[in-house]
2 protein chains.
Amino acid sequence: MNKLNVGLIGFGVVGSGVVKFLTERKKFIARKFDTEFVIKKICDRNIRAINRTGLSKSTVFTTDYNNVINDSEIDVVVELIGGLKPAEEIMMTSLRNGKHVVTANKELLAHKGKELFTEGKERHRDIYFEASVGAGIPIIKSIAEGLAGNKFNGVYGIINGTSNFILSEMTKNECTFDYALKEAQQRGYAESNPTLDISGMDSAHKLAVLIFLAFGKFVDIKDVYTEGISHITHADIEYAQSLNLTIKLLAIAKKSDDRLEARVHPTLIPKNHPLASVNGVFNALLLDTYPTGDVLLYGQGAGQMSAAGGVISDLINLALRHKLKSAARIESLVKENPTLKLKKMDDIEAKFYIRFMAIDKPGILSVISGILGKHGISIASVTQKIHKRSSAVPVFMLTHPAKEKKIRLALEKISRLAIVRSDPVAIRMEKF
Amino acid sequence: MNKLNVGLIGFGVVGSGVVKFLTERKKFIARKFDTEFVIKKICDRNIRAINRTGLSKSTVFTTDYNNVINDSEIDVVVELIGGLKPAEEIMMTSLRNGKHVVTANKELLAHKGKELFTEGKERHRDIYFEASVGAGIPIIKSIAEGLAGNKFNGVYGIINGTSNFILSEMTKNECTFDYALKEAQQRGYAESNPTLDISGMDSAHKLAVLIFLAFGKFVDIKDVYTEGISHITHADIEYAQSLNLTIKLLAIAKKSDDRLEARVHPTLIPKNHPLASVNGVFNALLLDTYPTGDVLLYGQGAGQMSAAGGVISDLINLALRHKLKSAARIESLVKENPTLKLKKMDDIEAKFYIRFMAIDKPGILSVISGILGKHGISIASVTQKIHKRSSAVPVFMLTHPAKEKKIRLALEKISRLAIVRSDPVAIRMEKF
C-alpha cells in the first residue's frame, strides 16, 4: 500500500469537505488506487471549533502552520487558506522541504505561479491545483493533460458562480443588481464582502491560471483588463434579450494577430451559444483548440464538496506519480511561450452596446452619431425607449465593430455633453 | 530530450491525421514537453497509396504488422486499424514485447479490455485510449484521472455522431430516417455500411469502455441492451416535440437499487436538458458524480483531426510517465468493483412512449388500455391524430413509470390484436 502523510492547512468549508470525502472513500481509494492518505496534521487559526468527525485520534491539531510545513514525515501539504499571505510562504517552504503541494488558491497562482512552479521543478515536487478553477470540474487536467499538444486559439469562461447567479437572477426575475446580490448572499452563494467576485477579480485570477495552462504565459494580473458587473441594470438585460443576446461575465483569453487578449468583463453573447444557457452558480469553459476543435466543460464550479472533489483527485493523481522523481507536469508548465505578447486593451475590436441617459431634445442623436462618426464608429441600431420632453430618457445603441480606444475616446466626449445625464455604459459583444 | 520511437499500424484517415499533427507540432512538443516522437515504422495494407508528406526519409513502410510489433527499437505502438482481429494480437504482442500501446479501438476494448489491461499491468506497460470515446474530447482522462476518487451514479452519453446527426436532421428538416441517412453519407458522416452506428453497437462498445472507467466493471457486451434508431419516424419526433421532449440515441449506465443499468436506445429527454441541445455530429457526456456533482463534457466526437488530437495527447501523457516503471492507471483500471452486478433489462423502470397503427373503430382504446391495465401499466396520455373509418391511424400513448418486462408483455399482446396493423414502437423516457 502506497501511504502518503497529508498536512492540511485551512480547515474551513472546503478543508472539512476534504476530510469528509477522504473518510467516506477511504476503502475505495485503498482498493482502487492502492493508496492510503493519512491526515497527520491539521492547521487552522481556530482549532477549538474543529469538528473531529472522521478524523483518527492521532491527527494533530495546530494553529501554527510551521508545525505542518516543517514536519519531515508529511509528504503533501494541502493549502486551503487562500490569499497571498501566508499562503506563499507555506507553499514555498513546503516545496523546499521536499513536499508536494495541493492548492485551490487561484489568487496566489495568478500572482506567483511562475515562482512556485520553478521551485517545484527544481525540487522535483509537484503542485496540483484542480480546485483553483471550476472546483471539481476537471478543467486543469483537461487543458494540461487531456488536450496536451493542442494549440489553443481561445478560452472563454463563466468561472465565477456568484456573478453568474446574480446575472441569471436579474434575467429570470427582472430584478435589480442589489436585489439579486442580496438573494445570492442569503443563499450562501456570495460572501458578506462580495467585492472579489462582483468586481471580476476572482475571474481574472482564474483567467491568469488558464492562460499559463493554455497559452504558456505567466501574465501580470494588472495586465488583465478587469471589469465587474455592478453597473449592469435590468434595462441592459432587457435590451440584450430583445436582440436575442444574453449578458454574461466572461473571462476571455484569445489569440488575435499574434497577440493574446486577456480580459474579464460583462459580455453580450448570442442566446443560442452553449455558454448562454449556463445559469445560476454553474461554471462552464469553452476551449477553442486545434485540432480537437471546440470543447466545452460544464459543472458545479463552487461549493464545499465539488471543491473537495478537485482536491481529492489531485491527491490521488499525485500518489500515482509519487514514485516518479521528476514533476513532469510542472516542468512543462514552467516553460513559457517565448514570443507571445499581450494585446493592449485599446487595440481590441468588438461590437459595442452603449447605454446612457439623455435629455430628449431634437437633434440629440445627430450630435451623438456625429461624435461617434468622427471616431470612425458606425452605428448599427439605436433605440430610445420613452419620449418625455426635458426629462432624461435612456438611449441604447449598438455599434458595428470598433476599436476599444475609439469607443473610449468617443464616450469620454459624449459623457461631457450637457444633454447627457449619466456616464455611458458600454458592453462588448463576443462573436466567438 | 525524451525520445520515443513510434510504430503506427493503420494509416487511414486518423493515422494520417496523427502524422500531420505530429509534424505541425514537432517544435512545440519538443520545447514544451522535452519530447521527440520518431515515427519509425508505418504499417498499412495498402502502402502504395501512402502520402509521405511530413514523414522523414527514415520512416519504414510495411504491409506486415509483425515488422512493427517485433521491432525492439519501437517504444509505443499506435493501433488504429479498429476491429477485433488482428488488433487483439497486435496489442497483446506489443505489450508482451515491452511496448506501450495507444489505441482508438473501442470495439476491442469493449470485448477484451480486461485481458489487455491485465497484460499491461503485468508487463508494466501502459495502454492509452483517449480517442476511443468522443475522439479528442478529454473524456477518458476526465473519468480516470480528473474525477478520480469520485463515486459515479450515472453516465449518460450522446457518443455516436452519425446517429445524432441523423436524429438532428430528422428534427430540423422534418425528413425521414432514410433521407437523413443519405444526407449523412453524402457529408461523410456515415460509412457506406452504417450498421455499426445506427444499430447502436458503436455506442454500446463505447459505453462498455465508460463502464469500466466509471464503475470498475468489465461487462460482457452481450449484456448491454442495444437498440438502434432506424425504426424512429418523423411522427415520433413530432409527438415528442409537442410534449417538449427530444429523441436522442443515449448510452446510459447508472446505478439503481445497487445494480448497474447498461443500455443504449433512443431516449426521450426534456428539451431544456443540456443533452437535448447537442446536435449534429457533436458528442456529449453527462457524468453524475459524488461529490463533484454533474459534469458535462461536450465537443467534436468524431473527425480526422479531433481523433488525432486524442492520440497525440495520449502519446504526450505516455511520454511524461515513460520513466515510471509501473503503469499506475492501468493498475487501477484493472481493479473491478467486486460486488456490482448488472440489472436485468426486464427490471428497469421508465415512462414509455408507445406508437402503433390501428384501425379506427369505436372501443379500440378501451381494448388497448385494458391490456395495459392488466399488466399494471397506467396511461398518462393518448393521442389519435386523424380519424378515418376502416383505415389504420397512428395512436400515440405515454405511460406512467412501468417495468420494462410488463411493457414488453403488454406490447406482445397488443401487436397480436386484429385491429393493430403495425408492431408497436416503444421509446423510453429518461428523467435523470
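**Notes on the predicted two-chain model**

1. Let's start with the sheet in chain A: 6 strands make an open sheet, ordered E3-E2-E1-E4-E5-E6, and the pairing is parallel. Strand E3 (60–62) and strand E6 (127–128) of chain A are at the edges with a single partner strand each, so one side of each has no neighbour in the sheet. On terms, helices (H or I, at least four residues) and strands (E, at least two) are DSSP runs numbered from the N terminus, and two strands pair if DSSP finds at least two bridges between them.

2. A word on conventions before going on. This is a predicted model, in which local features need pLDDT of at least 70 and side-chain atom pairs count only at pLDDT 80 or more, while totals for chains, interfaces and linings use all residues. Residues are numbered from 1 along each chain as its sequence is written, chains are lettered from A and ligands numbered from 1 in the order in which they are written, and side-chain values use heavy atoms, with hydrogens and water left out.

3. Within the chain A sheet, strand E1 (residues 2–9) and strand E2 (residues 35–43) run parallel and are joined by 8 bridges. For a place to look, A:Asn2 has A:Thr35 as its bridge partner in E2(A). Helix H1 (residues 13–24) of chain A packs on this sheet and touches E1 and E2 of chain A, its direction making about 150° with that of E2(A). Contact here means heavy atoms within 4.5 Å; axes are lines fitted to C-alpha atoms, for helices over the stretch in contact, and angles run from 0 to 180 degrees between N-to-C directions.

4. Turning to chain B, there is an open sheet of 6 strands with parallel pairing, in the order E3-E2-E1-E4-E5-E6. Its edge strands are strand E3 (60–62) and strand E6 (127–128) of chain B, and each pairs on one side only. Strand E5 (residues 100–103) of chain B runs parallel to E6(B), with 2 bridges joining them; the partner of B:Val101 in E6(B) is B:Ile127.

5. Helix H4 (residues 87–96) of chain B lies across strand E1 (2–9), strand E4 (76–79), E5 and E6 of chain B, at about 170° to E4(B). The loop between E4 and H4 of chain B holds B:Pro86, and the peptide bond joining B:Lys85 and B:Pro86 is cis, with omega about 5°.

6. Chain A also has antiparallel pairing that deserves a look. Strand E7 (residues 151–158) of chain A runs antiparallel to E11(A), joined by 7 bridges, and A:Tyr156 stands opposite A:Leu286 in E11(A). E11(A) in turn pairs with E12(A) in the antiparallel sense over 8 bridges, with A:Asn283 opposite A:Gly299 in E12(A).

7. E11(A) and E12(A) form a hairpin, with 2 residues between them. A:Pro291 lies in the loop between strand E11 (282–290) and strand E12 (293–300) of chain A, and the bond from A:Tyr290 to A:Pro291 is cis, with omega near 5°.

8. Next, a helix pair in chain A. Helix H7 (residues 161–173) and helix H11 (residues 234–242) of chain A pack at about 70°, their axes 10 Å apart. H7(A) and H11(A) are therefore roughly perpendicular (65 to 115 degrees; under 35 is roughly parallel, over 145 roughly antiparallel and the rest oblique). A:Leu167, A:Met170 and A:Thr171 of H7(A) meet A:His234, A:Ile237 and A:Gln241 of H11(A). In the loop between H7 and helix H8 (177–186) of chain A sits A:Glu174, a non-glycine residue with a positive phi of about 50°.

9. In chain B, helix H14 (residues 364–374) and helix H15 (residues 404–415) pack at about 150° with axes 9 Å apart, and H14(B) and H15(B) are therefore roughly antiparallel. The contact joins B:Ile368, B:Ile371 and B:Leu372 of H14(B) to B:Ala410, B:Lys413 and B:Ile414 of H15(B).
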